[in-house]
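This report looks at one helix and at a set of charged side-chain pairs. Keep the sequence and the 3D view open while reading.

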Amino acid sequence: MSPAAKPLPAGGADLVVAAAGDQAEAVRALATRHRLRAVVWTGGGRPRGADLPVCPAVAAALAHGPVSLFCALAPYGQLEADVRLCLDVGLRVVCAGPPTTSRRSGEQLAARAGLAWGGLLAAGPVSRRLAELRQRPAFGRPVYLRWVVGGGQGLARTWWALRDLLGQCAPLLSGPPLELWVLASRRGRGFHAVATAVAPDRAAAQLVVAPAHLPWGGDAMLLGTGGLLTADAEAAITFAGARPQVAAAPALYAELEWVAGALAGTPTPVAVETLEGDLRLLGALRQALRLALPVHLAPAGVA
Amino acid sequence: MIPDDTYGVLLVSFSRHSHQHSFVPLYLAHPRIRIVAVAEEPDADPALRTLNARWAKRLGVPYLENVDQALERRDVHIVSLAHEIERRAGLAVRAAQAGKHLWIDKFMGRDLAECDVVIAAVDQAGVQAIIPSYDYGDLLERGARAAADPRLGQLLGLHADIFFGKGWPRPPAVTGAVADAGEWKYPDLKRELLTVGSYAVALIQRCLGPIRLVLGCGGAHFFPAHAARSVEDFATLTLVDDAGRIATLGAGRVGVAAHPAGGPSRAWLVGTRSTAVTDARRPAVDHFLRDELAGADFHPSPDDPMQWASGPPAQATPLGRDGPGLTRALEDLVAAIDGVRPPAFGPRHARAHLEILLAGYRALATGLPVPVPLEEAGP
C-alpha cells in the first residue's frame, strides 16, 4: 500500500508538506499521525530511505486527493505562489516562517484567512517544557538563554530559524528583546547567524543558527537565578556505528504539535507588526552579511 | 639548562585572590620541580602574612617577608606569582630582572600598560614566562582539536558557555548596568567576566583569528554584592574576528546546585560541514548516592561565601585527569626553560587576552560594539 493510500490515522489530517531533505525525520514523524498526500522536497531529489509519497510540486500534489493543510517546513523559491494556490482552493496553510520577502506580498498574504506562519520551535516539547519549568518559583528570575539550532542552508531558511529562536525570548526571558544585535556570515549556501538580545531586566540571549543540521531541536539552555535548565540535541534513539546517527521518537518532534495547532485553531490574520518585524530582521541579516559587523535593531524590529 | 636539572620554585603569596594553593600539588608532584621558599611583600596585610607563614611551615620551607631578598636566592629558578592583580606586574618585572622564569597566576597586570611593561622585562631578561590558567584545559584542548578537524569544514564561529556553580545567590530586586573595568580587587567579590569569562576568551582566542570587535551584555545579577557595586557576576560577549567569524560567550558565577559537575563548560564550533559540540564536563561518571544527595549541604562556608577556594558537592566526576590543564602547563614551562620550545601561552598571548576582556568591559559599560585593538577605540 503506498503511503498516500494508507488509512487516515484517528485524529489525523491529509497533508501536503514541503520540507528540506534534512527534515526527513520530522516529515516521517508527521506521517505517523497524519496521512501525507505528498511531500515536496524543496531541494529536489529524495532523501535516502524516505518512504514517503514524493511529488515535484505542490500544484501536482493537490491532485493526489483531498488535502486539509499545506505546511511548509522550509522556504523555497515557489513557496509564495504555492501558498496563494492553496489559499485560493480553500486550504489552510501554515509555514514555519514568512512565505515571502516582499512587503507588498506579505501584506496581501497576511490579510488572508487560513494562513499562519511561525511558531514551530515554540510548539515543540523543549520550548514548552522550558516555559513550564521557568515558571517554578525555584527557577527565580531568568538571566541567560542560549539556543543553537541548525538549518542555516540559504538565507531564507536562516531567517526562518533565527526568527523562530527570537520568538523564544518573550516566553523564556522577561519579555521580548529591548536590544537586538544581528550578525551573520556565509560560505556558499551555508549561513551562520547569531542574534544577541537583551530583555527588559538585562537578561540576555545568545541565539545561534548553524548551517549544518542539528538533530531534533538543537541545544537549549536557560539560566535563572535559581538554577539551570538544559536540553540537548541528544535524542531518544542513538545509532552508534561507523556513522553515528540520532533520532527522536516521533512524538517529540515540534512539527506534530505545530501542525495540530494549525488544524485545531482558527488561524488569525498575521499582524502587520509581525510582518514588519520579520522583514526588518531579514534586512538586518542582509546588512550583517554585507558589513560583517553586528547590526542593531531597535525594539520595533523584533517580531 | 641541562634537561635533568631540577628547578627551584619560589611561591610569592597565597593571596585569597589567587590560586597558589592549587599550584602546590603540581610542584610537589613534578620530579623536576622543588619548592624552595615562600615570599611576600612586607606591606601585605597581617592575615595574608599569617597564611603565607602557615603554608611555608606546612611545606617545610623558609618564609621571607622580602621578595627582593628571596629573588636573590640562587636556588630560585622559577617564581610562582600569585598575588593580587594589582601587584602582579611589578612583581613580575622584578622577578624577570632577577633572571627568574615566571609562572603567573591568571592576569599579568591590571591593564595593557602593565602587560607591556612585563613583556618588555621578560624580553630583556630572556627568561621564560607562562600564564598557565587558560590555554591548557580540557575545553580548550578539545575545542582546538575540533576546530582543526576536517569533518568540521571551515570554522565559521564558536560559542561557549562556562559557568561556575558557586556561591549562594540572593538576587537583588533591581538590576542595572555594569561599570567599566578599572577596579579588580574587592574584598568580597570578583569580577566574573574576568574570572570566568577568561576561559572562554582563551578558547576563542585560540580557535579564531585576531578579534576586532566586541559587544557585551550584563546587569542581570545573582549576588547583591555585585549589584551594589554595579559590577558583573554574569555577562555575555559577542565577538567578531578579522575574518568575520563570530563568537559568543556566556560566563559567570551562578550559584551552587545548578549543575551536577559544578557548572557547564561547553562549546559549539560551527563549521561549513558540521557543528561540533564539546563538553569539558563529559565524559564523566555520574553518581547519585542517596545518602550523599539527601544529606548534602550546598551552603557555602561562611569563610568562603563565594567559594573562591572551595566547591559544592558534585554528582558527576569528569574523567579527564587534568581538567584545568595545569599539569600540561607546567610541562610546557619546563620544556620552555629546557629550551625545547616557547610556552604556548606567554606574555603576548596574555596581553591580547586581557585586551579582549577590557574591550568586553567597555562594551558592557557603553552598550556599544568596541573595536579591538583598543587604541582604535580611543579613550
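Buried here means under 20% relative accessible area. The model is predicted.

## Helix α5 of chain B

Helix α5 of chain B covers residues 112-125, 14 residues in total. From first C-alpha to last it reaches 20 Å, close to the 20 Å expected at 1.5 Å a residue. Its buried residues are Leu112(B), Glu114(B), Cys115(B), Val118(B), Ile119(B), Ala121(B) and Val122(B).

Look at both ends. At the start of α5(B), a side-chain oxygen of Asp111(B) comes to within 3.2 Å of the backbone nitrogen of Ala113(B). Just after α5(B), Gly126(B) has a positive phi of about 70°.

## Salt bridges

Over all chains, the structure holds 36 salt bridges. One of them joins Arg84(A) to Glu80(A), at 3.2 Å from N to O. Both residues sit in helix α3 (residues 79-88) of chain A, 4 residues apart, about one turn of the helix. Arg84(A) is partly exposed, at 23% relative accessible area.

In chain B, Asp43(B), Glu84(B), Arg87(B) and Lys185(B) are linked in a salt-bridge network.

## Pairs that link distant parts of chain B

Glu141(B) bridges to Arg328(B), with the closest N and O atoms 3.8 Å apart. This pair links helix α6 (residues 138-148) to helix α11 (residues 326-338), 187 residues apart. Glu141(B) is partly exposed at 32%, and Arg328(B) is partly exposed at 26%.

Glu192(B) and Arg253(B) meet in a salt bridge of 2.5 Å, N to O. Glu192(B) lies in helix α7 (residues 192-195) and Arg253(B) in strand β10 (residues 246-253), 61 residues apart. Both Glu192(B) and Arg253(B) are buried.

Methods
Residues numbered from 1 in each chain as written. Chains lettered and ligands numbered in written order. Predicted model: local features only at pLDDT ≥ 70, side-chain atom pairs only at ≥ 80, totals over all residues. Heavy atoms only, no water. Helix = DSSP H or I, 4+ residues; strand = E, 2+ residues; numbered from the N terminus. Expected span 1.5 Å × (residues − 1). Buried < 20%, exposed > 50% of the residue type's maximum accessible area, 1.4 Å probe, protein only. Polar contact = N/O pair within 3.5 Å; in protein donor to acceptor, adjacent residues only side chain to side chain. Salt bridge = Lys/Arg side-chain N within 4 Å of Asp/Glu carboxyl O.
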